[in-house]
Amino acid sequence: MFFDQGLCLFHTKPENQEQLFRSMYKELYQAGCVKASYIDGITARESEYPTGLEFNGVGFAIPHTDSAYVNKSQICFASLDEPVIFQDMTDKNHDIEVNLVFMLAMANPHEQVETLQNLMTLFTEEEKVKKLQELSSQEEFIKLLSDSGVY
């Protein structure tokens, strides 16, 4: 479904948000999931509507943009060894150190809402979040998301 391409970056160390976005975009683009303009769309949307959030002391981000930039629905995941700063989705003046990123590329706008809800539920489950931080294989990742009802 949204993870069938296995687009995962485990234990990566981007220097900043821009480098992280470019790495994740490259995965999505090479898989044919997004258009070349996707990187501009995601960057512009993030500056206007930040996607950082924190649950139980762990920083998450769910960058996404308009479906016009997407060829087929997919999600790219990244776990970060060093946090990257994102602005809080509820308060642009508050920065969050993010270690887990789910970059959404949704071809149909209605898919985004359900996916966001499923991810938010996952983020509240401390044991599963701990596993997300430790994962190093696509198989483990997909099993965890499947077991959590996200996949």
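Predicted model: local features only at pLDDT ≥ 70, side-chain atom pairs only at ≥ 80, totals over all residues.
Let's start inside: Leu145 is buried, with a relative accessible area of 0% (buried means under 20% relative accessible area, exposed over 50%, partly exposed in between, with a 1.4 Å probe and protein chains only). Leu145 sits in helix 5, residues 138-147 (helices are DSSP runs of H or I with at least four residues, strands are runs of E with at least two, and both are numbered from the N terminus).

Residues are numbered from 1 along each chain as its sequence is written, and side-chain values use heavy atoms, with hydrogens and water left out.

Now for the core. In soluble globular proteins, nonpolar side chains tend to be buried together. Here the largest nonpolar core has 24 residues, and Met24, Leu28, Tyr38, Val101 and Met103 have the most contacts inside it (a nonpolar core is a set of buried Ala, Val, Leu, Ile, Met, Phe, Trp, Tyr and Cys residues joined through side-chain atoms within 4.5 Å). Helix 1 (17-30), helix 2 (38-48), strand 4 (74-87) and strand 5 (95-105) each supply at least two residues of this core. There's also a second, separate core of 22 residues, which includes Phe60, Ile75, Leu104 and Leu135.

Have a look at Tyr38 next. Leaving out neighbours within four places in sequence, Tyr38 is in contact with residues including Tyr25, Leu28, Tyr69 and Met103 (contact means heavy atoms within 4.5 Å).

Tyr38 also takes part where two helices meet. The axes of helix 1 and helix 2 come within 10 Å and cross at roughly 140 degrees (axes are lines fitted to C-alpha atoms, for helices over the stretch in contact, and angles run from 0 to 180 degrees between N-to-C directions). From helix 1, the contact uses Gln17, Phe21, Arg22, Tyr25 and Leu28; from helix 2, it uses Tyr38, Ile39, Ile42, Thr43 and Glu46.

Finally, the hairpin. Strand 2 (residues 52-55) and strand 3 (residues 58-61) run antiparallel and are joined by four bridges (two strands pair if DSSP finds at least two bridges between them). Gly52 has Ala61 of strand 3 as its bridge partner. Two residues lie between the strands, and Asn56 in the turn has a positive phi of about 50 degrees.
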